[in-house]
Every structure is written in C-alpha cells, then in structure tokens.
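Subject: A structure for you to explore

Hi,

Here is the structure I promised to pass on to you. Have a look at it first, and then read on for what turned up in it.

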Amino acid sequence: MPETTPKGLTGLAFGGDYNPEQWPENVWHEDVRLMREAGVTMVSVGIFSWALLEPARGTHDFGWLDRLLDLLHENGIRADLGTPTVAPPAWFYREHPEALPVAADGTRYEFGSRGAICHSNSDYRAAAASITTALATRYADHPALALWHVHNEYGVPVSACYCASCAAHFRCWLARTYGTVDAVNEAWGTAFWGQRYADFEQINPPRVTPTVGNPAQALDYKRFADETMRENFVAERDILHRLAPGIPVTTNFMTALSQCDSVDYWAWGREVDLVTNDHYLITDGRRTHVNLAMAADLTRSVAGGAPWLLLEHSTSGVNWQPRNPAKSPGQMARNSLAHVARGSEGAMFFQWRQSRRGAEKFHSAMLPHAGTDSRVWREVAELGASIESLTSVKGSRTVADAAVLWDWHSWWAQTLDWRPSEDHDPRERADAFYEALYDRHLTVDFAHPEADLSAYPLVVVPALYLMTEAAGNNLREYVGQGGTLVVSYFSGIVDEHDAVHEGAHPGALRDVLGLTVEEFSPLLKDDRVRITGPDGSELTGDVWTEFVVPRGAETVWTYADGLTAGHPAVTRHRLGEGSAWYVSTRLGAQGLDALIGWASDDARIAPRADLPRDVEVVRRSGESGTFLFAINHTSSDAKVPLDAAGTELLTGERATGRLVLPAGGVRVVRLDD
C-alpha cells in the first residue's frame, strides 16, 4: 500500500508554497533562516517551474532545484515537490497550439495564465508524462522529499474543453460507458426534440446551441471532463509510484462549494494517497468561519474520515475577490487551528515570500512585503510555535455527531438550464443547513447518498435533486433501522441520467418520506409564505412551495397563505424504528433551527445550550488521546465546560471544570485518560 503521510515529517506540517525562482539565490539562504525561525517544517516547491526545468523540449536544467532541495534538507525542512504540469511552457504551446482549450462557444484560450490545458490532448499528456518521469528519476531518493504534489487545483480555472480532440475522446468515453449508441439515446432521452443519434460519430460535445441543449448530454459531459482530468492525474501518480515508491502522491483539492464546482471529489479522494485541500475565505459579509468549518468537514469526509492536510490558505487578505480585507489580529491562528481541529495534519499557506511581480503580488504571504517587522510575520512565528506544541494530535481523527448528504453529480444536474426556479440554489441550501447544524454545535461528516450511514443518529439532505434508486433504498433502510432523516425540497426528483423517476415526486424518496408531491409551486421574487404550527406558532418561507399529499406522514406545519394554503409545509414520517422529516419550502435561519431541533430530539442528540454562538468545540481522538479544540470567534471571553480534566497544549496549563476561552482565542486540551 502507498504511504499516506509525508515521509520524514514527525510533527504537523507548517509552511507554504515556496517559489524561489522569483528571487536571486542569495535570498534563499535568508528565506531558509527565517523559515527555521518561524518553525516551518515543509514547503511546496516546483509547482509552476516547468519552463525553468525544461527550457526547451528534452533539455533539462535541474541545477537550481538540486541546490534548493539540498539547502532545505540541510536545514531540516521537508519538500512537497510539484510536477509542474499545470503550466506548460511557451515553447510547448508554440509547437502544439491545439493543446490550448476551447470554450463551448468555439473560442480558443491563449497562453499567458495558468491551467490553459486541453486534458484530452495527446501531446500534452506525453509532455506531462515526460517531465514527471524526469523529476521522479532525479529526485526519488532525495532526502528532503516528503510528498509529491501533482499539478495544481484541477478544475480551476478550466475543467472542460470543447475542441475536436475532446469530441473524439468523449465518443470513446460514451462507448466505454454505455456500450452502444442506442443506450446513449435511451439515457439521454433523445426522442425529445428529435435528437436521436444513429452513430457515435454524430455526437459532439454540448457546444453552444440556439436554445437549451440536452440536459443529460450536458451532465455526462461534466462527468467526462472530470474523469479526463482524473485520468491525467492517475497517469502522473502511477509514474511517481513506480519510480519513487514510498513517497505519497497528492494533488491539492478545492472542496469548498464556494471555490470549485467541476470536480467530483468523492471519486478523486479514492485516487490520492493523502487528501490535501486549499481553502480561502470568501469575503461576502457572511460568517467566514462557518464556511471554513464546512470546507474542512467536507475535506475530511472526502478522505474517508482519515487525517488530511491543509496545503494552502492565506495569512491575511487575498487579491482575486472584488474586495480583499485583511484578516483581523488572531484570525490567522483561528483559521489554521480550526482546520486542524477538523482533521488537518497541519497548516500550510500560499505562499512563503510575497511576490513582487505577477498576478498575485497583492496576495498575502507568510513573509510579507513589510518584512519581519510586521503583524503578519509575528503571528506566523507564533502560529509555528503553536503548531509544534500540537504534535501529539497527529494521527487522531475528528469525532462527528451528524451527517450531511452531498453529491457533486446532483449539483451539476440541478444547476443546468430550465429548472422550476432560478432562485433555488443547491449550494445555498447546503450552506444554510450546515450553518444550522454548526449553530447547534454539531460536528458534521459529509457522506455520499449511497454510503453506509448507520453510524449517524441524524442525517440531513439539503439538496439532492438527483438521486439514484440505490440511494433511495439506502435512506429507507437507514430510517427503518432507527435513523433520523431531514430532507429539503426538490430532492429525489431524477435518476442518474436526469430522467424524472416514474410516478409522483419525490420519486426516490416517496416511501421513506411517506408522501407525494403533486406539483411544484415556486414563488415569485421576494414573495413570502407563512407556515403555522399546531400551537399557533409561525415561520416564514420563500423561493419555493409544493402541493404535498401525506401518504403516511403526519403534518407538523401547514401553509397559511399562498396557492398552497392548507397543504403541509413540514411533515414527519415514522418508518420502522426511525423518522423522516420533510420541508417543502425554503426556511430561513429561525425555521431551520426549529427543524433541526425537532429532528435532533428524535435522534436523541442533546442540545449544547451551555456554549455561546460562534464558539466551536470539536474533538479529535486516537491512540495518543482525546483532544478538545475550543475556538472563540467572538469578541468576548467564554467558558467551555469540560467533561474531564486535562492539559492545555498551547499554554501548558492544567484545565479543569470550565475552560476559560479568551475572546478570539483558541485552546486545545488533551483530556486525561
């Protein structure tokens, strides 16, 4: 079995992307001295260096990288060595302009950015294999090498290409997937609008058409594009496994739903030796720490619950959003340690030294333009010491209370054209339900709809428009055996080919929910509906309503106005030993809190009323002990009750009874056995 932890890294990883090629070599020694001062244990190198490593086809220059890796090794710093295949050199595109990707409207992108790649192009594949082979041959036994880093952020900024090479590759993919063109016609429903194909050669990618194209074709093309990128990763990974056995191979994911929507990370998580992730705060005015927690939980889930590694985040502001505020004092540490709480084996940044040139020169770094006499640098050095003090956490696993079901294929299908309402956003529902769980201080695993759910007392389905029959059966079995299920509207509607399940909605969920939906009734923009409970209490919904008919479910809340007045808005169905809740409108924070509260009571999950809002408490547990992470995102001190005494690892102090958690602070308690 391949190794799953960076070779030679005895503690948690701390460091970032290092791009020494941007600086004279005399700066490197100063960099390494400061890395040691800050407690850096690993850096990522070579990710964008193809043009330097291979300045002309077949001509390699490894001298500078030799000297760099030797310097890192001499100073006890491990290397996450990149294959630079995200940025082919100018000479390659001069020889192979057809390797540049083509948009759906026929526009061919130009060289001058990054990730401008047609992943079906055979010349690109050959060149990527060649440089990867050369790197592995030269550095397989280098003592600094801890981890291989293939490519960079697959799917960003381009995932799908629509050129002739991709068309031919897509036809092969269809033949391999379906076997016959008749099977494609059946899956895509090509009898509609006379789209039937007589031969695979008649099929093209879903390029721009006069009106909406075939949704099943568009969905399959998203699958094809994702699998094509993954083919290229696997090709490089296999070269590295063969030539450098014992060194784990990864590629940096972007699992946050706010950052990448074109990659099926369930599938990718099975291909890497170690799941790694890049996460950047989206400064849209929301509680950014909730998005961070969600991304970390999702990354850990993609890793199957195993420890993973935060490979990139920012020390302060970024430069690619419309507005890029600095992080507040202490926020860098809170962000970093929140990732560690939720399973990361360290905290890495983009990047070590802030660039003077290029597109990201205003992106923050560990060593900023202001140098070492700066707040950012002082916080970096302090964080390095904190990371070192948490060495005993390494290898432990985060403990979850509930699960959220998520499927990228469903997200892709639901966001295609001509759905009942453009105001319904599956990502928004996922964010909203996660936030409701977070505010009840529940730690969340994400799970695929067909995964084993028996470990979770509560499972939430915020948005699963596409649901296979197997997934529906899985949820029915889960509830029947005693689980508590919460499902939001417009879920279970279509199968894996975007075909509506036979019979009434919600096809795959009819039995487990004990109801049918006769008709969707989306609301007009800014419209609201009132829903009332049996005790006269009232909630508000917007965006969506449905004509729900109970078929065994009991009505809990009822629409009080609008077209659906008098129909059930929230139902509960007792099935076997469990119960299934359904909400047919978009509830706000108050309504979701009430709904999750009712479901938590069914699931026998005790409320955490003793914890203030925006104070998160997460546990990691393993052979080295149980660790309680307490993180205060508020401006007031808080007290966190402890169910056992322990040692606070960041200060070395004993902790008993109620842990004092300073405003904006983090505490990590190793609980006594």
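Let's begin with a pair of charged residues: Asp 498 and Arg 419 form a salt bridge, and their closest N and O atoms are 3.1 Å apart. This pair ties together distant parts of the chain, 79 residues apart. Asp 498 sits in the loop between strand S14 (484-488) and helix H16 (510-513), while Arg 419 belongs to the loop between helix H13 (408-414) and helix H14 (426-439). Both Asp 498 and Arg 419 are buried. Please keep in mind that this is a predicted model.

In general, side chains of opposite charge can pair when their charged atoms come close. The structure holds 41 salt bridges, and here are some others to look up:

- Arg 586 pairs with Asp 542, with 2.7 Å between the closest N and O atoms. Arg 586 is in strand S22 (residues 586-587) and Asp 542 in strand S17 (residues 538-542), 44 residues apart. Asp 542 counts as buried because its relative accessibility is 13%, and the cut-off for buried is under 20%.
- Arg 608 pairs with Asp 610, the closest N and O atoms being 3.4 Å apart. Arg 608 is partly exposed, at 31% relative accessible area, and Asp 610 is partly exposed too, at 35%.
- Arg 287, Glu 435, Asp 439, Arg 613 and Asp 614 are linked in a network of salt bridges.

Next, the cysteines. How many disulfides does a search of the whole structure find? The search finds zero. Cys 166 shows why one pair does not qualify: its sulfur is 3.5 Å from the closest cysteine sulfur, in Cys 118, which is too far for a bond, because a disulfide needs the two sulfur atoms within 2.5 Å. For Cys 172, the closest cysteine sulfur is in Cys 166, 12 Å away, so that is also too far for a bond. Cys 166 is buried, at 3% relative accessibility, whereas Cys 172 is partly exposed, at 47%.

Cys 166 also turns up in the surroundings of Ser 120. Ser 120 is in the loop between helix H4 (90-95) and helix H5 (122-139) and is buried, with a relative accessible area of 11%. Leaving aside residues up to four places away in sequence, Ser 120 touches Arg 125, Ser 165, Cys 166, His 169, Phe 224 and Thr 228. With one of these, His 169, Ser 120 makes a polar contact between side chains, at 2.8 Å.

Arg 57 has a polar contact with a histidine as well: its side chain meets that of His 96 at 3.0 Å. Look for Arg 57 in the loop between helix H2 (50-53) and helix H3 (63-74), where it is partly exposed, at 43% relative accessible area. Beyond residues up to four places away in sequence, Arg 57 touches Trp 91, Phe 92, Glu 95 and His 96.

Now for a helix: is H11 (residues 331-341) largely enclosed or open? Ten of its eleven residues are buried, so H11 is largely enclosed by the rest of the structure. Among the buried residues are Arg 334, Leu 337 and His 339. Just after H11, Gly 343 takes a positive phi of about 115°.

Finally, turn to the surface. Phe 192, Trp 193 and Trp 418 form a nonpolar patch there, with about 440 Å² of accessible area together. Phe 192 lies in the loop between helix H7 (181-188) and helix H8 (215-243) and is exposed, at 55% relative accessible area.

Happy exploring!

Terms used. Residues are numbered from 1 along each chain as its sequence is written. This is a predicted model: local features need pLDDT of at least 70, side-chain atom pairs count only at pLDDT 80 or more; totals for chains, interfaces and linings use all residues. Side-chain values use heavy atoms; hydrogens and water are left out. Helices (H or I, at least four residues) and strands (E, at least two) are DSSP runs, numbered from the N terminus. Buried means under 20% relative accessible area, exposed over 50%, partly exposed in between (1.4 Å probe, protein chains only). Contact means heavy atoms within 4.5 Å. A polar contact is a pair of N or O atoms within 3.5 Å; within protein, one must be able to donate a hydrogen and the other to accept it, and residues adjacent in sequence count only if both atoms are side-chain atoms. Patches are made of residues with over 30% relative accessible area and no salt bridge: like charges are joined within 9 Å, nonpolar side chains (Val, Leu, Ile, Met, Phe, Trp, Tyr) within 5 Å. Accessible areas come from the Shrake-Rupley method with a 1.4 Å probe; for residues, only the protein chains shown count as cover. A salt bridge is a side-chain nitrogen of Lys or Arg within 4 Å of a carboxyl oxygen of Asp or Glu.
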